[in-house]
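Please examine the sequence and the structure before reading on.

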Amino acid sequence: MSTHPMDTVFVESEEHRALRRAVGDLGRRFGPDYYLTAARTGGRTEELWREAGKLGYLGVNIPREYGGGGSGITELTIVLEELGSVGCPLLMLVVSPAICGSVITRFGTEAQRRRWLPGLADGTRLMAFGITEPDAGSNAHRLTTVARRDGDDWVLTGRKVFVSGVDAADAVLIVGRVADTGGESPQAGRGARLRPALFVVPRDAPGFEYRPIPMELTAPERQFQLFLDEVRLPADALVGDAGAGLGPLFAGLNPERIMAAAFSVGMGRYALRRAVEYARTRQVWDTPIGAHQAVAHPLAQCGIELELARLMTRKAAYLYDAGDDAGAGEAANMAKYAAAEAAVRTVDQAVHTLGGNGLSAEYGVGALLVGSRAARVAPVSREMILNYVAQHTLGLPKSY
Amino acid sequence: MVVPACRDGRAHSVREVGLFPMKIVVCVKQVPDTESEKALRPEDLTLDREAVDAVMNEMDEFAVEEALQLAERTGGEVTVLLMGPEQGADTIRKALSMGADRALHVVDDALRGSDAVATSAVLAAALREVGFDLVLLGCEASDARTSLVPAMLAERLGLPQLTFAQKVETDGTEITVERLTDYGHDVVTARLPALVSVVEKINEPRYPTFKGIMAAKKKPVRTLDLSDLELDATEVGAAGAWSAVDDFTVRPPRAAGELVKDEGEGGRQLVAFLAGRKLV
Ligand SMILES: Cc1cc2nc3c(=O)[nH]c(=O)nc-3n(C[C@H](O)[C@H](O)[C@H](O)COP(=O)(O)OP(=O)(O)OC[C@H]3O[C@@H](n4cnc5c(N)ncnc54)[C@H](O)[C@@H]3O)c2cc1C
Ligand SMILES: Cc1cc2nc3c(=O)[nH]c(=O)nc-3n(C[C@H](O)[C@H](O)[C@H](O)COP(=O)(O)OP(=O)(O)OC[C@H]3O[C@@H](n4cnc5c(N)ncnc54)[C@H](O)[C@@H]3O)c2cc1C
């Protein structure tokens, strides 16, 4: 992290530029073909993950005493954006080091940090994150996964959907709820005061089952349905004590949004570059199509929107790293919104620029269509961000 | 270790004493990114460096990697030496982030337009200034592609030159390399100090680690100009160049390739084609 705010937000430090270059170089060695082949054949991008882990790129935000790089989300966004910009993004960066790493760093016990952070930092261990349920996506107040105390243990029951990367993960950080007071019956539904609480659930825990959800995305990371049937966990599976309230959960959500923004910016930059390369040389009449303003202007617009989204992402990351959670919240929402919208438009425009080739498997640009749309709904949808800005930033009344 | 004050170019090694860690100096050049379109400036027919991204000469990355591996094996120390404008600092930083210990940057406006003869004079002076047991460099730069500097530099320093190395072994006193040739390789041995130029086959350059990137800025970089090296501006740069660019033309479009259709004899035809170009 740089000492002067201007350096951090507007002008990148030498280290940041060097990190961009190094990560980009590594990503280019693997490249989009590697990524697409894995995605299309049910493979994973394990080799890239492992290599990036060894080089310390995956754990830049994890404290040094736990084997990380001792920097922040700012540096982690650089890693994700650069990998995306060369066509091989690592979605699990959003989850494992960013969400889980941040939550455990900030709210874990010393023992939990020692157990998890070094592996999350060097990529030898992976943790997924499960909050979404069939009836609780945008509305997290409806979560019904419940933890009941049994002696020292916790017993967790519930269902999750769309959880990314479970097949590759050692554990899933599950957002459940616990009764506020010991006496109350820990049941979901009206009346019961249930607070969110985060549990580390090993993938091989008895009673834990996961099934892939067939998705239309072309990505090596898959989404899963989880079934938790009386999963018994030791006391120290809980991250942050049961009374910690929303703190631990919120510690993960800002990094998630900021990283989601970086994911979209990276994808957008990749699509834009592919479109520009194509438009520069493709000749339909006497000039390259990139000379036609009908082709050039929308691409220029995409370039502007991506750069603006990137700037907002840097601001959000800066505020988060500086410890300003409240300030980071608004900026992270705006960055995620702007980046997702810019990526949706850029991918759309890139596909169109390539004409028929835009939809061919060979060019791999059409393959981005669903992925760019996913970023509009996950991890928080466009409308929920607009609701947030309408209410919190503008002070408009709430409709729901 | 070479005695720095030795101005006649003859190197005197005191390694026999065995008290010092091996001192390796890697010469690296900053070049325009091979991916980008290059152009010459019409004013002075030198490369338009502002129009392109600058990167470390790819072959030099292999030299840096080899230096780091040798230093790791023998407990030695790696110094990076770069001659070039201010922006060369980026390339120096890259080598430092890969793990080199320190750097020497020769910067001087008078160096603009230096040819291989002048470059080797400057590098030789800088090498005498820092001292070394082993000099490593890439066997050619991707921009000028003359492959002359390694040999000229060795001559100027009176060092044994072991060029086109695809493998290097040293015990700190002697050095043995596999020298890539048309027919395979030769095994060449010399006493240190020596100069080795490497080919791409030698290793796989590492990517800088995050820690390496963060540490690079804190490593010592010494900057020298011509007067520090007691060199005269008229001997170097465009003024002192032995060769001059008179004119240039844009490369003609590539001629159509030869299409081999496999009608049972495809394999044979391919081999004949490659053999005709001495590629197999
Ligand atoms: C590729 C992918 C990966 C994912 N990975 C994970 C993961 O790792 N872990 C995890 O827990 N979840 C994950 N998710 C789930 C994701 O977070 C949810 O899909 C997202 O939060 C939206 O929830 P939902 O799908 O239930 O949509 P819903 O909440 O049902 O929303 C449906 C639509 O209604 C709109 N809407 C809802 N409420 C309002 C309102 N009040 N005002 C206006 N509009 C509204 C929404 O904007 C949306 O367009 C992933 C999803 C995808 C697509
Ligand atoms: C699913 C699918 C099915 C198809 N089926 C058939 C079929 O059955 N038979 C068949 O013959 N073809 C078929 N096609 C081909 C299709 O008709 C062509 O892809 C289409 O005509 C565009 O041509 P192109 O791909 O060469 O794009 P290009 O002509 O290369 O155009 C690339 C981009 O440049 C833009 N552009 C080009 N010139 C200008 C200009 N002067 N001003 C502004 N913008 C310009 C275009 O709008 C486009 O965005 C199919 C294509 C697809 C994707």
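## The surroundings of ligand 1

The shell around ligand 1 comprises 13 nonpolar residues, eight polar and one charged. Here Ala, Val, Leu, Ile, Met, Phe, Trp, Tyr, Cys and Pro count as nonpolar, Asp, Glu, Lys and Arg as charged, and the others, Gly among them, as polar. The 22 residues surrounding ligand 1 include Gly137(A), Ser138(A), Phe162(A), Ser381(A) and Glu383(A), which are the closest; a residue is near if its C-beta atom, placed from the backbone, lies within 6 Å.

Because domain 2 (129–239) and domain 3 (247–393) of chain A both give residues to this shell, ligand 1 lies between them. The domain bounds come from an automatic or database domain assignment.

## Basis of the model

The model is predicted: local features need pLDDT of at least 70 and side-chain atom pairs count only at pLDDT 80 or more, while totals for chains, interfaces and linings use all residues. Residues are numbered from 1 along each chain as its sequence is written, and chains are lettered from A and ligands numbered from 1 in the order in which they are written.

## Contact between the chains

In chain B, 12 residues are in contact with 12 residues of chain A (C-beta atoms, placed from the backbone, within 7 Å). Helix 2 (89–98) and helix 5 (210–216) of chain B each supply at least two residues of the side that touches chain A; helices are DSSP runs (H or I, at least four residues), numbered from the N terminus. Helix 5 of chain B gives the most to that side, with five residues. The side of chain B that touches chain A divides into six nonpolar, two polar and four charged residues.

Notes
Two residues are in contact if their C-beta atoms, placed from the backbone, lie within 7 Å.
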